[in-house]
Amino acid sequence: MSIIIKDLHAKIGDTEILKGVNLEIPTGQVHAIMGTNGSGKSTLSKVISGHEDYEVTSGSIEMDGKDILGLDVDERSRQGIFLAFQYPMEIPGVSNANFIRAALNARLAEGEELDAVAYYKNLYSKMDALEIDRTFTARSVNEGYSGGEKKRNEILQMSMLEPKYCILDETDSGLDIDALKVVSRGVNSLRTEDRGFLIITHYQRLLDYIKPDVVHVMHDGQIIKSGGPELALELEEQGYEQFKPVTA
Amino acid sequence: MEIEDISATTSEPQEIDQETQDAIAIDRAKGDFRVPENHKYDAGIGLNSDTVDYISSVKKEKDWIREFRHKALAVFEKKPMPTNWATEDLNNIKFDEIRYYLANGQKPTRSWDEVPPEVMETFERLGIPEQERGFLAGVEAQFDSEAAYSNVKEELTKQGVIFVNSTEGLREHEEIFRPYFGKVIPTGDNKFSALNSAVFSGGSFIYIPKGVKLKQPLQAYFRINSENFGQFERTLIIADEGSEVMYMEGCTAPKFETTTLHSAVVELVALKGAKIQYITVQNWSANVFNLVTKRGIAHEDAEIRWIDCNIGSRLTMKYPGVVMKGERARGEVISIALANDGQHQDTGAKMIHAANNTTSNVVSKSISVGKGTSTYRGQVHIPKHLKGCKNNTECDALLINSSSQTDTYPAITVKGNKHVTQHEASVSQVSKEMLYYMQQRGLNEAQAMSLAVNGFVNDLVSEFPMEYSAELKRLIDLEMEGSVG
């Protein structure tokens, strides 16, 4: 089981951002993508999730052997793709509890209903683990939250929806060290044999807490180098410059 | 959005969750049906003094009422359409093609078993009997021009509560109602209050005696069943000193080929220390012109709250008002308007401060969908000689599509410097990125949109009684289903 991306090209408007990405994320593994601003990391996460602003011009994305490029954002989500946003959106007037319940309901077959008691029990235990105050169930999604609260809320949604593939887009940005630890613990608790992770980050720091199996370096819309966890350390010490093609 | 369009989307079950489907099924069954017309009394098509005489005769009215009607007709004919400030669409009302009075000649019964079968079927499908058994203190159900059923719980009658239709109110309780009738909203207030005054029929006349506090609401249900028809109910509620009442009205009509007119006048009088809450949930079909005048007078320490939800209709013009006549009186208007494709919700509030230390609050939220237009018109008036008056006005508009429109016309006239007023207005949009975020969690576009819209009005919906807030959420979901894709 895996997401397999082959020679993926994508553009927004007339600007090509992804210029032939090849990547395989099998379940049971954590892959990290590192790269400078503008290298296409965040675009890759949006294209995998199906953001309609990006047009895939060639290449393919397969999930567990099935082409997903024809699916809408919500269909991809229900089939198991979760994206933790770099900038989670605020939804005024919609409580966290209602939002997550609506998302879970969208996954149920017709006629099935969520058991309210079991739902809250599950929600509370996951909130406790992420050190989110229980009053957040009634608060509007992300409205007026601090950066750290928003990111923890993303991980809460992720753990409630139990996706098969989790993409974390710069989840570490704007987090202090304590919040980073809590978020990382949340992610680590979700690491299982049947779940795959793609972690997009600028910094090695996050990878101290979430140990990747594979590290990729992205530059100018392509993955230019892949390696073990040591690659992240190398990047941290020596910068991105050494990996850039001389001709670039 | 027409109701037919909804059924088209329900044929793809994977697109819609079960809850929404159920809601659609219920609402279709609820609103969009009609029973055969069977009217013993029909004032015919068009409006002239014979029409007025016909109505007055059928009702066996006293001369003063007949005269009141004739004078009103003259005012109506003289007054121009208010198209100098309101929409030109008003000119499309064909007064000559409307039927002004339709009734089957039966007096409203107090027992469901005596209600004519076709009328009973209508109200049973709309769920009125169940609601009455459940949480209501009294109910009146109006079918076209006249009440078909009217019942108030026995213990309330014993306490002196009167809850009857307008004909009965003026005939049986003239001494109570006549002093206030047409005083809160004079005939010549506007063209449509004049029209109503000429041809009014049905509606609720309510009197709550001193100190009586009703724990359960009274409810009226207005149903238009006939095509080319005008419904002109007249409601007058008098809450005597220290009394409290909550009144709720629901309105529906099936989908007609031609336009239909609903033009009500509602007058409220809250005497010293009394409280009146007036709650409206209307779900008119898309070819109803809904032109309603609603106003209340709040005496010393009294409180009047209008809680108003306007969904559907081709054009709604409605600006509930409170005249705060006594010291420390309070007035409030809380309104939600949803203008779907091709609809225009022109709503607002009028707060007239006429005594010291009076307080008013207006919270208005509108949603415009497709080519829908929402207009807010507010009027707050605080004269110079008063002191210690407060007004808070908030109006928020949500635009769903790029073709949706909203306009705000607040008119706040505050003279003198011993007052506190506050005005906030906002226009927001359901952004593409917000929808993307919600869709990334697995909601389809319509579900995401519904959730966003429900979130927008959430704090106001909680002002409605439970039975109505659930209904409201369903209605909003239903309206949003057709707004995307």
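Modeller: Ready when you are.

Biologist: How many bridges join S18(B) to strand S20 (residues 359-368) of chain B?

Modeller: A word on the ground rules: this is a predicted model, where local features need pLDDT of at least 70, side-chain atom pairs count only at pLDDT 80 or more, and totals for chains, interfaces and linings use all residues. Residues are numbered from 1 along each chain as its sequence is written, while chains are lettered from A and ligands numbered from 1 in the order in which they are written. Strands here are DSSP runs of E, at least two residues long, and helices are runs of H or I of at least four, all numbered from the N terminus; two strands pair if DSSP finds at least two bridges between them. S18(B) and S20(B) run parallel, with Glu332(B) bridged to Asn361(B) in S20(B), and the number of bridges joining the two strands is 10.

Biologist: And which residue in S18(B) is the bridge partner of Ile304(B)?

Modeller: Strand S15 (residues 303-312) of chain B also pairs with S18(B), in the parallel sense and over nine bridges. Within S18(B), the partner of Ile304(B) is Gly331(B).

Biologist: Is Gly331(B) buried or exposed?

Modeller: Gly331(B) sits in strand S18 (residues 330-339) of chain B and touches Ala298(B), Ile304(B), Val322(B), Met324(B), Met351(B) and Ser360(B), leaving out residues up to four places away in sequence. Contact here means C-beta atoms, placed from the backbone, within 7 Å. A residue is buried if 20 or more other C-beta atoms lie within 10 Å of its own, exposed if 12 or fewer, and partly exposed in between. Gly331(B) has 29 C-beta neighbours inside 10 Å, so the label is buried.

Biologist: On to the helices. At what angle do H4(B) and H10(B) pack?

Modeller: Helix H10 (residues 191-199) of chain B is mostly covered, with nine of its nine residues buried, and its cover includes helix H3 (49-58), helix H4 (63-78), strand S9 (234-239), strand S12 (265-270) and strand S14 (288-298) of chain B. Axes are lines fitted to C-alpha atoms, for helices over the stretch in contact, and angles run from 0 to 180 degrees between N-to-C directions. The axes of H4(B) and H10(B) lie 7 Å apart, and the packing angle is about 150°.

Biologist: Which residues in H10(B) meet H4(B)?

Modeller: From H4(B), the residues involved are Phe68(B), Arg69(B), Ala72(B), Leu73(B), Val75(B) and Phe76(B). The residues of this contact divide into eight nonpolar, one polar and two charged, where Ala, Val, Leu, Ile, Met, Phe, Trp, Tyr, Cys and Pro count as nonpolar, Asp, Glu, Lys and Arg as charged, and the others, Gly among them, as polar. On the H10(B) side they are Lys191(B), Ala194(B), Leu195(B), Ser197(B) and Ala198(B).

Biologist: What is the bridge partner of Tyr165(A) in S10(A)?

Modeller: S9(A) and strand S10 (residues 196-201) of chain A run parallel and are joined by five bridges. Tyr165(A) has as its partner in S10(A) Gly196(A).

Biologist: Phi of Glu170(A) is positive, so to speak; what is it near?

Modeller: Glu170(A) lies in the loop between strand S9 (165-169) and helix H6 (177-190) of chain A. Glu170(A) is buried, with 21 other C-beta atoms within 10 Å. Its phi is positive in a residue other than glycine, near 45°.

Biologist: Last one: how many residues does chain B give to the contact with chain A?

Modeller: Chain A puts in 24 residues, dividing into 12 nonpolar, eight polar and four charged. From chain B, the contact takes 20 residues.

How values were computed:
Contact = placed C-beta atoms within 7 Å.
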